[in-house]
Amino acid sequence: MRSYFDNARQHGFDTDRLHVVLVTEDFCETEEMEAMLDEEGVEGEVFDGTRREAWLERHGAGAYTHLIPEASHAQTSFGLLYLWAHDFEYGVFIDDDTLPHPDDDFFGRHMRNLQYEGPVEAVSSDENWVNVLYQNEEEHGLYPRGYPYSAMDETVETETTVVDDVVASQGLWTNVPDLDAVRILMDGDLNGQAQTRTTAADFDGDFVAADGNYLTVCSMNLAFRREVVPAFYQLPMDDNEWDVGRFDDIWSGLFLKRACDVLGKHIYNGDPLCEHNKAPRSTFSDLTNEVHGLELNEHVWELVDRVGEDATSYEEVFAAMADELASGEFSDWENGAFLNHCGEYMQDWLDCLDVLAGSQTIEAAVSTTGDD
């Protein structure tokens with residue numbers, strides 16, 4: 001975080017605009033994290049599991065603590081709830097194993113991307129999937145974590161389109177690419193990283209995935225507008241009876257892309273890059289977390305792609321996707337019942353946002369009364 005604050009100051013981005021929410025666990029160094037924010041002069045809060053539960057209780061949403069899994073990357077969903085309850089206009093996801101590129105204005109570039117209107121490259125394929133690493137794929141042969149195996153060897157087409165409503169800005173990554181365990185093993189790495197690394201030279205210009213085409217969305221370097229929160233739940237990964245993990249940001253990206261296509265919005269991809277310094281760990285441990293959801297990942301996008309076409313809001317699109325998953329029959333797929341589980345949690349997500357919106361209105365009314 002200190003490196004991101006330094007980057008902001010170096011590039012003239014006012015750190016008074018930042019309000020940092022660090023999502024962690026009870027066994028982590030929460031007091032040291034709070035001290036770091038104080039030392040940096042940046043507003044924010046630190047939430048371990050106990051503090052998350054207390055926060056939800058204070059906002060009348062104590063019945064929804066199950067939406068945030070413990071010790072899981074998917075607990076980024078708490079950041080979305082916090083943003084929603086406090087009426088922030090923008091959010092930025094940053095993973096703890098990344099660093100900004102010194103020459104890139106990290107926060108400023110994300111904000112400019114979200115406000116961008118004009119021409120940009122639109123990418124599509126005959127598989128209706130876009131590899132976000134497509135620009136140098138012939139050289140490195142990489143496909144990112146979450147890209148369906150059945151959509152590989154696609155034929156890529158590009159054209160220029162005009163965007164005027166960007167709602168998410170996905171920055172990509174150098175050094176350790178964001179790969180799944182199977183691809184890391186195929187790359188000959190047993191330490192959960194990759195032998196093949198990416199550099200800034202592997203990325204040549206910004207782009208969007210064309211309408212009707214899906215892409216992997218990784219939340220390690222991602223900015224977004226408040227409006228997407230209803231369709232951006234990160235799902236109950238890791239803490240479930242099927243032991244499915246590591247698809248939280250991948251599947252939430254599918255939900256968001258479907259909503260964007262229905263509503264005429266766009267996800268902007270490219271700069272600002274970040275340096276991904278994934279710590280060594282067992283590739284087989286990651287494989288254990290991923291394998292239970294690999295077959296489902298081949299089909300989730302097909303399920304969400306067939307619903308919500310008449311929706312007029314993020315809430316309506318997400319509700320249609322939630323209902324499709326909650327009520328579907330998926331017994332032919334390994335751990336298919338997990339999709340029903342996700343659908344039910346997605347329905348709860350929308351209910352929780354309604355509760356928080358009501359809590360915000362009550363707080364505003366109390367504040368106004370106090371002022372009078």
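Tutor: The largest cavity in this predicted model holds about 60 Å³ of space. What lines the largest cavity? Start with a run of neighbours in the numbering: Arg-145, Gly-146 and Tyr-147 are among the lining residues. Tyr-149 belongs to the lining too, as do Asp-180 and Arg-183. Arg-246 and Phe-247 also take part. Glu-290, Leu-294 and Asn-297 complete the lining. By class, five of these residues are charged, four are nonpolar and two are polar.

How many cavities of 30 Å³ or more does the structure hold? There are two. Which of them gives the most? It is α8, with three residues. The lining of the second largest cavity has four nonpolar residues, three charged ones and one polar one.

Now stay with α8, and turn to its helix partner. Two packed helices are described by the angle between their axes and the distance between the axes. The axis of α8 comes within 9 Å of the axis of helix α12 (residues 314-327), and the two cross at roughly 130°. Because of that angle, α8 counts as oblique to α12. The crossing of the two helices is right-handed.

Which residues meet there? From α8 come Phe-255, Leu-256, Arg-258, Ala-259, Val-262 and Leu-263. From α12 come Tyr-314, Val-317, Phe-318, Met-321 and Leu-325. Ten residues of this contact are nonpolar, one is charged and none is polar.

Finally, look at an open space. The second largest pocket contains about 260 Å³. Its lining has 15 residues, and the closest to the pocket centre are Glu-53, Thr-65, Ile-68, Pro-69 and Glu-70. Helix α3 (residues 49-58) gives the most to this lining, with five residues. Sorted by class, the pocket lining has six charged, five nonpolar and four polar residues.

To recap, α8 gives three residues to the lining of the second largest cavity, and α8 also crosses α12 at roughly 130°.

Terms used: Residues are numbered from 1 along each chain as its sequence is written. This is a predicted model: local features need pLDDT of at least 70, side-chain atom pairs count only at pLDDT 80 or more; totals for chains, interfaces and linings use all residues. Side-chain values use heavy atoms; hydrogens and water are left out. On a 1 Å grid over the protein atoms alone, a cavity is a set of points where a 1.4 Å probe fits but cannot get out, and a pocket is an open set with protein on both sides within 12 Å along at least five of seven lines; lining residues have an atom within 4 Å of a point. Grid points are joined across faces, edges and corners, and a volume is the space filled by probe spheres set on the points. Ala, Val, Leu, Ile, Met, Phe, Trp, Tyr, Cys and Pro count as nonpolar, Asp, Glu, Lys and Arg as charged, and the others, Gly among them, as polar. Helices (H or I, at least four residues) and strands (E, at least two) are DSSP runs, numbered from the N terminus. Axes are lines fitted to C-alpha atoms, for helices over the stretch in contact, and angles run from 0 to 180 degrees between N-to-C directions. Angles under 35 degrees count as roughly parallel, over 145 as roughly antiparallel, 65 to 115 as roughly perpendicular and the rest as oblique. A crossing is left-handed if the near helix is turned anticlockwise from the far one by less than a right angle, and right-handed if clockwise. Contact means heavy atoms within 4.5 Å.
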